[in-house]
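Colleague: Before I use this structure, I want to go through the terms attached to it. Please give me the criterion each time, and then the value.

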Amino acid sequence: MTDFTIEGKIYHNGTFEHACLSIKQGKIVAIKKTLKSDTHLNVGTNLILPAGIDLHVHFRDPGFTQKEDFLTGSTAAAFGGISCICDMPNTQPQTTSTQTLKEKLQLASQKSYVDFGLFAGINDENIGRLSEFSSLCAGYKIFLGSSTHSLHLSPQNLRVALVETNRTKKLTLLHAEDEHCLKQHQDHEHSLIDHLRCRSAECEETAVQMILQNTHDLTSLIHICHLSSCEGFEVLRKRPHNVSVGVTPHHLFFDVQTIDKNQPFYKVNPPIRSSFDKETLWYGVNNHFIDIVESDHAPHTLDEKTVDFDNAPSGMPGVETLYPLLLMAMKKDLLSLDTLLSLLCEKPAQLLHLPKGKIEVGWDADFIVVDLKKIQPIVADQLHSKCGWTAYEGFPAMFPSMVFIRGEKVIEDNQILIKKGFGTSVGG
Ligand SMILES: [Zn+2]
């Protein structure tokens, strides 16, 4: 790792300024108008922005590596300007014990290009033993409703689980769909309309209410993943400040009125809902209600997704297109750069207590170089997930031309410049 200086248009303290960063041992050690060093990189009028952090990905490793693995998933993350990901526990075996966390940590350490945190799953069997493996994970994940390959915690065990994670002081992520409600509405699904009816907003609302009832006196950080409905939004208006809320790009960019209702590519959990729900989420983004954007990158192979609607698994890829789509949304004035950087960089770093997500002295030198005039369409063939497809085919986006992680140039000119295994664990 060489020390260097980089000069360009830097976004710092809420404004753009032409300035230089000095990078030593992977950290930003100075930000000044002019700085000199033996290795000086001038990126001209290009922007230097903090790299993104994706708190919610499914890299499918181990167990479902026909869909993705840490090598391909982290390649996709790096090309998309993401320096750190958090992997969810619904792999095979599920990451619910010391043993399985250690095994996954080893896989990720050998293969990942980007930094990573692992989330441990909580089910009815392992509550009571959660603190045993808290040093191995970045936090815990609870699925209140079942989803593709998910694990399940019964509602009567939610309180015990949350009291236990509160003791570990770790972040707890929740998939908020109520299982009882999902079961009540379960039916054969022919299209997205059926999927929407079977996983109604009521199921999200019930789960969110249950979470708030069980966390009112707890102090550790609780995060509601992928909010999707107005109903869920309303309940969360009165949430305490240790409860944060995330939204996915697919719930921001798609609604059932305007997409092909028979296309299983769009089958995700919770479902893509109405334009009214979508507008509510944008309102939340622009009014400091939504804390983070998370991709919920959930790849499945084309073969798995191109079957009849009912048999198609839920989930779509998204880690590589997350930042490029949001930069494009900023260009279209859908959100400000301040909001974008808070959602994708600063807040996720805060939730994980990481010195990342900001161009700041003392912080990790994780940043991207991007030219806001260089807009290109998203093309599945040019993306790096193993699954080989995207629901955003043809969408205009802005991909970074360079990506740095802990002071190391990871991406330049569509090439990956580091060895696999460069990524390190941020958990524990
Ligand atoms: Zn997920």
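Modeller: Two strands pair if DSSP finds at least two bridges between them. Strands (E, at least two residues) and helices (H or I, at least four) are DSSP runs, numbered from the N terminus. This is a predicted model, in which local features need pLDDT of at least 70, side-chain atom pairs count only at pLDDT 80 or more, and totals for chains, interfaces and linings use all residues. Residues are numbered from 1 along each chain as its sequence is written, and side-chain values use heavy atoms, with hydrogens and water left out.

Colleague: How do you know that β5 and β6 pair?

Modeller: β5 and β6 (residues 82–87) share 4 bridges in the parallel sense, and the criterion is at least two. Within that pairing, Asp54 has Ile85 of β6 as its bridge partner.

Colleague: What makes β5 and β12 edge strands?

Modeller: The open sheet has 8 strands in the order β5-β6-β7-β8-β9-β10-β11-β12, with parallel pairing. β5 (52–57) and β12 (292–293) each pair on one side only.

Colleague: What is the pairing in the sheet that begins with β3?

Modeller: Mixed: this open sheet also has 8 strands, ordered β3-β2-β1-β4-β13-β16-β17-β18. Its edge strands are β3 (27–32) and β18. β1 (residues 4–12) and β4 (residues 40–50) run parallel and are joined by 5 bridges, with Ile10 opposite Ile48 in β4.

Colleague: Why is α1 called mostly covered?

Modeller: Buried means under 20% relative accessible area, exposed means over 50%, and partly exposed lies in between (1.4 Å probe, protein chains only). In α1 (residues 70–79), 9 of the 10 residues are buried, among them Phe70, Thr72 and Phe79. The buried residues pack against β6, α2 (98–111), β7, β16 (402–405), β17 (408–412) and β18 (415–416); contact here means heavy atoms within 4.5 Å.

Colleague: And how do you know that Asp69 caps α1?

Modeller: A polar contact is a pair of N or O atoms within 3.5 Å; within protein, one must be able to donate a hydrogen and the other to accept it, and residues adjacent in sequence count only if both atoms are side-chain atoms. A side-chain oxygen of Asp69 lies 2.9 Å from the backbone nitrogen of Leu71, at the N-terminal end of α1.

Colleague: Why is α1 called oblique to α2?

Modeller: Axes are lines fitted to C-alpha atoms, for helices over the stretch in contact, and angles run from 0 to 180 degrees between N-to-C directions. Under 35 degrees counts as roughly parallel, over 145 as roughly antiparallel, 65 to 115 as roughly perpendicular, and the rest as oblique. The axes of α1 and α2 come within 9 Å and cross at roughly 55 degrees, so α1 is oblique to α2.

Colleague: What about α11 and α12?

Modeller: The axes of α11 (residues 322–331) and α12 come within 10 Å and cross at roughly 165 degrees. The two helices are therefore roughly antiparallel. Residues that meet there include Leu322 and Tyr323 in α11 and Leu337 and Leu340 in α12.

Colleague: Is Ser220 buried or exposed?

Modeller: Ser220 lies in the loop between α6 and β10. Its relative accessible area is 5%, so Ser220 is buried. Leaving aside neighbours within four places in sequence, Ser220 is in contact with Thr165, Asn166, Lys169, Lys170 and Asn242.
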